[in-house]
Amino acid sequence: MSQSVLFDAPGPRTVRRHRLYTVLTVLALLALVAFAGYRLDQEGQFEGDKWEVFVTPSYVEFILVDGLLETLKMAVGGIVGAMVLGVVLGVGKLSDHALVRVPCWAVVELFRAIPVLMLMIVLFFLWGIYHGSAGPFWCVVAALTLYNGAVLAEVFRAGILAVPAGQAEAAYGIGMRKSQVMSVVLLPQAVKIMIPAIISQCVVTLKDTSLGYAIAAPGLTAVARPIYLEFQNHVPVYVVIAGIYVAANLLLTVVATFAQKRFVGEKKVLDVPMVGEAQATEKA
Amino acid sequence: MDVVVDNYQFIGIGFAATVLLFLISGIGALLLGTLLVAMRVGPIAVMRRAAATYVTLVRNTPLLLILVFFSLAAPKIGINFQFVKIVISTGWGDIRMTNAFAGATVGLILYTASFVCESLRSGVNAVPVGQAEAARAIGLPFGGVLSNVVLPQALRAALPPLASTLIALLKNTTVAASVLVLESAYALKQILDKTPGTVEKLWPIGVFILVFVILVELLSFASGRLERRWRVAR
């Protein structure tokens, strides 16, 4: 339903009323900005030396190399691992053998239900704590791999099921074996439908790298502390770091939208079942 | 096993705080999200754009940054929640809903509301055009169209994504542990910190994971039931 369906074309009185609402909204928003600005100014957060660090080359390098680069490394590691795990679990859930299908289903359900942060804490205390400074980094990567792998397994499964049944039947008809049907016919076609969902999951992964904060992992959230301890500029630091995250995620979203248009078309969005629902759809 | 038995009160308090965080921020996020979606589909262009900007910005910011902002940065500009001092005394210990808890709740509400808005908007889009047209034809103004005709149907259509959002919220409450709210993830961290030996650690880990999986499955089950009961015949 398009937006204009919800309301009539405004008549002269409504136009006047809407104009009033517009002015009031703008005033309210301006008041909010002014209040924030006033508070920031009162506490001296606008002073040049609180913001200067973000244009000082050595600190910019610190934020980009020790912060953004580490965050991206964790995100890429998590996504690559999750793709591999996702294919294995997703295909496993479609297996004809209950011995493969049921464990894969259990693993997917389990890791989709555990909060990523709890997963990180568990991995950290079981393994990371004994492995020095590299420990937290790999705990974040492993936790992101397990969680996103479970989510992507559902995406892969839904994608494979979305390929028209005739494709698999035709492949069986010309004498292909099960593994061939999957790897030569179904997966290549499924990937096309799944690309937007996979990229959206990349956004989630990138955001979740920040959770490493709780186990002292490197990354953008970790570089904030030394900077605000040195310059007492808590607000600017977090505004800048949130800005970097938002920019990176918007970039990914643009790519996802493009991929959706290019590979899938406007309307069809892959329907991925949520936690606890997966078994019900299996029977359907 | 001893670790779990010795700390059962501590664990109980942790999960009670998790559930409280979830309930309060869930209700708050649903209210704020509904307000946002009304602005998002309404006739006033400025409100539409403001709501869209809010949703885009907040959805792309990590929740942890929002919570840390309210915990570390906001007090520096005079925004704090010191006035919140609710301590619920139970036989097992105190559930402390003080400034850290309040800050985390506000952060969770602001973050989750953007997802609620998007879920509801997808529901609004699923309502057949004729419904809104008929509502307009009998002379309902925009508020009436939305509150009496479109939103009740949109809510039913949006139940699956809304349930996903609420499940995500339940899991996201653990992020509050990073800003020192004593909830389940924080309790787990504390227990693991003072437990030596890998085998002894496995017990509390297993218990925490089991309880969390049960909570998530309960929510998922409830939403499934609600969805069947509320389904609109179309």
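I began with two helices of chain B. The axes of α7(B), residues 142-157, and α8(B), residues 159-172, come within 5 Å and cross at roughly 65°. I note that this is a predicted model.

How should I describe that angle?

Next I listed who touches whom. From α7(B) I wrote down Leu155(B), Arg156(B) and Ala157(B). They meet Leu159(B), Pro160(B), Pro161(B) and Leu162(B) of α8(B). I sorted this contact by class: six residues are nonpolar, none is polar and one is charged.

I then looked up α5(A), residues 116-126, and α9(B), residues 184-193. They pack at an angle of about 5°, and their axes are 10 Å apart. Angles under 35 degrees count as roughly parallel, so I call α5(A) and α9(B) roughly parallel to each other.

Which residues make this contact? On the α5(A) side I found Leu117(A), Met118(A), Ile121(A), Val122(A) and Phe125(A). On the α9(B) side I found Ser184(B), Ala185(B), Leu188(B), Lys189(B), Leu192(B) and Asp193(B). The classes come to eight nonpolar, one polar and two charged residues.

**Entry: the second largest pocket**

I looked up its volume, which is about 1,300 Å³. The lining has 29 residues. Closest to the centre are Leu32(A), Tyr54(B), Leu57(B), Val58(B) and Leu110(B).

Which helices supply at least two residues each to this lining? In chain A I noted α1 (12-42) and α10 (234-264). In chain B I noted α2 (8-41), α3 (45-59) and α4 (63-73).

What is the lining made of, by class? I recorded 26 nonpolar residues, three polar ones and no charged ones.

**Entry: the domains of chain A**

Chain A is divided into domain 1 (3-42) and domain 2 (50-283). I checked their spacing: the C-alpha centres of the two domains lie 38 Å apart. I also went back to the second largest pocket. Its lining draws at least three residues from each of these domains.

**Entry: chain B as a whole**

How many helices and strands does chain B have? I looked up 10 helices and two strands. From the N terminus, I read the order of elements as α-α-α-α-β-β-α-α-α-α-α-α. Last, I took the extent of chain B along the principal axes. Its C-alpha atoms fill a box of roughly 70 × 45 × 30 Å.

Methods: Residues are numbered from 1 along each chain as its sequence is written. Chains are lettered from A and ligands numbered from 1 in the order in which they are written. This is a predicted model: local features need pLDDT of at least 70, side-chain atom pairs count only at pLDDT 80 or more; totals for chains, interfaces and linings use all residues. Side-chain values use heavy atoms; hydrogens and water are left out. Axes are lines fitted to C-alpha atoms, for helices over the stretch in contact, and angles run from 0 to 180 degrees between N-to-C directions. Helices (H or I, at least four residues) and strands (E, at least two) are DSSP runs, numbered from the N terminus. Contact means heavy atoms within 4.5 Å. Ala, Val, Leu, Ile, Met, Phe, Trp, Tyr, Cys and Pro count as nonpolar, Asp, Glu, Lys and Arg as charged, and the others, Gly among them, as polar. On a 1 Å grid over the protein atoms alone, a cavity is a set of points where a 1.4 Å probe fits but cannot get out, and a pocket is an open set with protein on both sides within 12 Å along at least five of seven lines; lining residues have an atom within 4 Å of a point. Grid points are joined across faces, edges and corners, and a volume is the space filled by probe spheres set on the points. Domain bounds come from an automatic or database domain assignment. Angles under 35 degrees count as roughly parallel, over 145 as roughly antiparallel, 65 to 115 as roughly perpendicular and the rest as oblique.
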